[in-house]
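Hi everyone, thanks for coming. Today I'd like to walk you through some charged pairs, so let's bring up the picture.

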Amino acid sequence: MADTRMHNFIGGSWKTSSKSTWFDARNPADPDDVIGTFPQSSAEDVQEAVDSADRAFPTWRDAGLVKRAEYLLRVARLMEEETESLARIVAREAGKQINEARADVIEAIHTAQYAFSYGHLGQYGRVLADEIPTKRCYEVLEPRGVVVSITPWNFPIALPFWLTGLALVLGNCVILKPSEYTPMCGAKIAGYFEKAGIPPGVFQVLHGTGEAVGAPLVGHPKTHVILFTGSYEVGARIKQEVAKHADKVCTIETGGKNAILILDDANMDMAVAASVLSAFKTAGQRCVTAGRLLVDERIATAFADRFVAAARRVKVGNPMDEDVFYGTMINGQGVEKGRRFNALAKQEGFDVLLDRNTEPLPTEHGYWLRPFVYRGTWRRDSVCLTEEAFSPHVAIVPVRGLEEAVAVYNDTKYGLSGAVITEDYRKAKYAEEHMRCGIFYWNLPCIGAGVRLPFGGVKQSGNLIPSAAGLIPVLTHPKAITYNLDTKIMMAQGLKADIQ
Ligand code: NAD
């Protein structure tokens with residue numbers, strides 16, 4: 001059998017982990033299919049990567065914005081050449097249907113292109129006025145140092161680029177800790193940076209679990225910025241650790257219990273399509289998945305009939321098939337969690353409108369879940385209505401009019417994404433202004449992201465520091481600079497400069 005052993009990318013080369021334990025990346029549609037074997041990195045590996053980043057930082061910082069940006073363009077071009085093969089790796093490793101996998105790769109290419117363009121826009125900071133007209137004031141955005149990017153499995157190519165592209169262009173060195181469920185995607189990314197000739201230590205990839213690799217990187221005294229995307233539980237722990245260090249900042253992008261509001265004047269075709277996409281794409285394993293469809297009670301039954309009919313047609317199967325709607329769950333725990341939520345909906349007394357989990361599985365040993373739809377009155381003490389199921393599990397909740405729909409939307413601890421389906425722009429505007437979320441859509445599904453807009457949530461969905469283009473203030477600190485063009489010293493606020 002061919003040796004499928006992969007390595008960390010540290011200090012510009014592929015290094016065998018100092019500890020000889022390994023883990024397999026497996027295909028969730030066929031867990032006997034081993035995609036690669038990866039090192040479970042140790043504390044020594046973490047130390048080596050941090051030291052290497054620390055050494056590389058001064059030269060990288062001084063290389064300048066334009067020069068640094070060029071590497072991102074090279075990486076984008078390499079990914080463009082391999083879009084199809086890379087998408088197949090995403091589908092095989094993450095179980096994402098091939099069209100979704102391709103979109104993941106294209107989003108990463110766009111992010112790398114965006115980061116490159118930022119270098120040429122040359123936005124180093126602002127020039128500002130001063131009370132004393134002969135003073136020149138400006139700010140320079142200085143890189144913070146060593147950035148740790150910790151990413152989840154569900155956007156295994158796009159998210160690492162959100163959390164590395166601008167970080168690098170702005171002059172930081174980055175250590176990426178990809179999800180242990182999608183290490184091959186992480187290794188491919190390291191390969192593109194290697195081919196692009198990134199200087200040793202500027203971009204590195206360390207494999208392993210969150211406990212063994214993520215936590216020591218977060219707590220390391222020489223790491224300065226932690227960019228985390230993943231579950232709330234881990235994000236909260238990261239925030240606590242970061243709070244112990246005076247010179248460390250973090251962003252956490254976490255989960256949601258998102259919803260689509262479907263008002264009584266909604267275009268029904270649009271409402272059904274937006275709801276199916278939001279509830280079931282990626283088998284419901286998106287942070288922005290809609291677990292709740294808040295439907296005006298006057299159209300709730302008509303909507304439910306059409307939505308259930310559409311959910312019945314959703315094709316679940318081999319992620320490599322172009323005509324499948326969604327692929328697998330990521331692993332056995334994902335299946336278990338989804339099943340637990342489905343069982344909870346029954347225990348909590350809701351009406352189950354559709355449970356397709358009695359249909360035969362696409363493969364015997366793969367990790368599959370089929371659509372589950374239930375209906376019931378809003379109850380804030382219901383676990384399945386208020387917690388993230390991260391599976392194709394969705395509730396139809398009848399509501400009385402726009403204001404109640406918005407109040408129900410806001411009645412969870414999360415606030416990531418939301419959408420409203422209505423033909424009335426005034427109602428859409430009301431929803432936009434009153435829904436407590438970070439990402440809002442009108443007459444669209446509540447999924448989708450682009451690097452140009454910020455991406456993040458309020459409340460328990462994140463710490464209000466959005467990803468992608470929104471990250472610039474976290475990746476840099478503004479240095480305030482004042483030059484005096486006069487021959488004497490003049491102070492602001494009436495402060496006398498005379499030496500008496
Ligand atoms: P997860 O929290 O289990 O893991 C995410 C990453 O954190 C992985 O790389 C993991 O190894 C690492 N990690 C785990 N424990 C750690 C620790 N103690 N210290 C440091 N790192 C640690 O999440 P997941 O299952 O990979 O992804 C699913 C979750 O991610 C869902 O809750 C989803 O909503 C969320 N998500 C959020 C966004 C967003 O932008 N808000 C986007 C995608 C996914």
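Let's start with R298, which is exposed, at a relative accessible area of 61%. For these words, buried means under 20% relative accessible area, exposed over 50%, and partly exposed in between, using a 1.4 Å probe and protein chains only. Before going on, please note that this is a predicted model, where local features need pLDDT of at least 70 and side-chain atom pairs count only at pLDDT 80 or more, while totals for chains, interfaces and linings use all residues. Residues are numbered from 1 along each chain as its sequence is written, and side-chain values use heavy atoms, leaving out hydrogens and water.

So, which residue does R298 meet in a salt bridge? The partner is D264, at 3.3 Å from N to O. A salt bridge here is a side-chain nitrogen of Lys or Arg within 4 Å of a carboxyl oxygen of Asp or Glu. D264 is partly exposed, at 31% relative accessibility.

Next, R370 forms a salt bridge with E359, and their closest N and O atoms are 3.4 Å apart. Both sit in the loop between β14 (351–355) and β15 (372–375), so the pair ties together parts 11 residues apart in sequence. Strands are DSSP runs of E, at least two residues, and helices are runs of H or I, at least four, numbered from the N terminus. R370 is buried at 9%, whereas E359 is partly exposed at 30%.

Finally, D51, D54 and K222 are linked in a network of salt bridges. How many salt bridges does the rule give? The count comes to 34.
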